[in-house]
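Hi,

Here is the structure I said I would pass on. Have a look at it first, and then read on for what I found in it.

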Amino acid sequence: MEWHEVFKGVDASAVSAEVLEEEAQERRGLFGRLRRNLGKARGAVSDALKSAVYVGVDRRLYEQTEEMLIAADVGVDGTIKIVDELEQRCTAKKIETQEPFQNELADVVAELLQPDDPERQRIDVTEQPTVILMVGVNGTGKTTTIGKIAWRLKEMGKTPLMVAGDTFRAAAVEQLSQWADRVGCDIVKQAADADPAAVVFDGVAAARSRGADVVLVDTAGRLHTQVNLMRELEKVRRVIEKQLPGAPHETLLVLDATTGQNGLRQAQEFKQAVDISGVVLTKLDGTAKGGIVVAIHETLGIPIKLIGVGEQLEDLRPFEPDIFARAIFGSADGYESASDASAGDVAD
Ligand SMILES: Nc1nc2c(ncn2[C@@H]2O[C@H](COP(=O)(O)OP(=O)(O)O)[C@@H](O)[C@H]2O)c(=O)[nH]1
Ligand SMILES: [Mg+2]
């Protein structure tokens, strides 16, 4: 999936040939890059399957696959679903060796992760302006992700505007300002301690008067109490909605993949307080537990839209179940054909 396909409302004909070529190149190198960045998770899977005393596809291998999936944070329900399906298919196809076994596993995971409605997977930026609200616990990567998204939008000819709604820490406003400088976009901010609702009010007003396309609203991830935080987010949301009916058009929950099942509990709390439309799963490069993707899919019912695979501007990717599942669960030999296939897509 190319970036201009992730964002609904980006006019592909307005994207410069240069950027399209960059995207295509990135796309060709994507599988290898993703595989490298997801090295920890991939290593955990292949080590577990290799160390399974491999005498063929037998009961013991299914049990070990089960253990591996649980250890990778897939969760109990997802694990049972995957292994049941895997066993049925391997039996039907008479699969008896590791490599096809592992590729079958990747297929099963990829299919499980398919969105019910692919349109819901996209980020709709057709409204003028579109408001995207970022929420999540402190340190999950909200501010960084805003920088990454703003950069992509700018590359595609959109005018992003950042709003420093995390007024709880002075450093947060400064950090977002630095991202705005790097990306080269406007930022609306006030002194730390300001009322975030007031900052957000100004931000939306500024976007309308300056003709910005996409407003990216940063928020606090921690207040004195969790109840206060949820109340503040509800208030921010109400202020946006009042000022611009229909907004926020997208509320993205940023989750840190390294926090595992704990992150899922946080997610439930946020989901209750504000209407979450998508998940951004960050730090997948730093965890051996990439299976958290399956757990999120199974328990939250909110699409994962983007994944963070590093700290650099370009280390944000659209979430593509096939590529992701193959990068983590597929066998080593499956990689080359997979990367050829995605390069082929571009050439077509
Ligand atoms: N390795 C890695 N680090 C990330 C990723 N996303 C964010 N970070 C880092 O996580 C830390 C916290 O990010 P920040 O954006 O400040 O989180 P916030 O408190 O939610 O705004 C920073 O050091 C980021 O560089 C990612 O995808 N991978
Ligand atoms: Mg922040």
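Let's start with a proline: Pro248 sits in the loop between α10 (226-243) and β7. Pro129 belongs to the loop between β2 (123-124) and β3 (130-135).

Before going further, some housekeeping. This is a predicted model, in which local features need pLDDT of at least 70 and side-chain atom pairs count only at pLDDT 80 or more, while totals for chains, interfaces and linings use all residues. Residues are numbered from 1 along each chain as its sequence is written, and chains are lettered from A and ligands numbered from 1 in the order in which they are written.

Next, the strands. β7 (residues 250-256) pairs with β8 in the parallel sense over 5 bridges; strands count as paired if DSSP finds at least two bridges between them. Across that pairing, Asp256 stands opposite Thr282 in β8. Strand β8 (residues 278-282) has 4 of its 5 residues buried, so the rest of the structure largely encloses it. Buried here means that 20 or more other C-beta atoms lie within 10 Å of a residue's own, exposed means 12 or fewer, and partly exposed is in between, with C-beta atoms placed from the backbone.

Leu253 is buried, with 28 other C-beta atoms within 10 Å. Leaving out residues up to four places away in sequence, Leu253 touches Val135, Gly136, Ala267, Phe270, Ile276 and Val279, where contact means C-beta atoms, placed from the backbone, within 7 Å. Leu253 and Leu133 are 120 residues apart along the chain, yet their C-alpha atoms are separated by 8.6 Å.

Gln88 counts as exposed because it has 11 C-beta neighbours inside 10 Å. From Gln88 to Thr251, 163 residues apart along the chain, the C-alpha separation is 39 Å.

Now to helix α8 (residues 170-183). α8 has 14 residues and spans 21 Å from its first C-alpha to its last, close to the 20 Å expected at 1.5 Å a residue; the expected span is 1.5 Å times one less than the number of residues. Which residues of α8 are buried? They are Ala172, Val173, Leu176, Trp179, Ala180 and Val183. These cover an arc of only 120° around the axis, which puts them on the same side of α8; the arc is taken over the directions from the helix axis to the C-beta atoms. An α-helix has 3.6 residues a turn, so residues three or four places apart point the same way. On the face turned away from the buried side you will find the exposed residues Ala170, Ala171, Glu174, Gln178, Asp181 and Arg182. The cover over the buried residues includes α7, β4 (160-165), β5 (186-188) and β6 (214-219). After α8 comes Gly184, with a positive phi near 80°.

Helix α12 (292-300) is worth a look too. Its buried residues are Ile292, Val293, Val294, Ala295, Ile296 and His297. They pack against α5, α6 (98-112), α11 (260-273), β8, β9 (304-308) and α13 (321-329). Gly301, which follows α12, has a positive phi near 65°.

Two residues have a positive phi without being glycine. Asp73, in the loop between α4 (59-71) and α5, has a phi of about 75° and counts as buried, with 26 C-beta neighbours inside 10 Å. Lys283, in the loop between β8 and α12, has a phi of about 60° and is buried, with 20 other C-beta atoms within 10 Å.

Finally, the ligand. Ligand 1 is surrounded by 19 residues, and the closest are Gly141, Lys142, Thr143, Thr144 and Gly308; a residue is near if its C-beta atom, placed from the backbone, lies within 6 Å. Helix α7 (residues 142-155) gives the largest share of this shell, 3 residues. By class, the shell has 2 nonpolar, 12 polar and 5 charged residues, where Ala, Val, Leu, Ile, Met, Phe, Trp, Tyr, Cys and Pro count as nonpolar, Asp, Glu, Lys and Arg as charged, and the others, Gly among them, as polar.

Cheers

Terms used
Contact = placed C-beta atoms within 7 Å.
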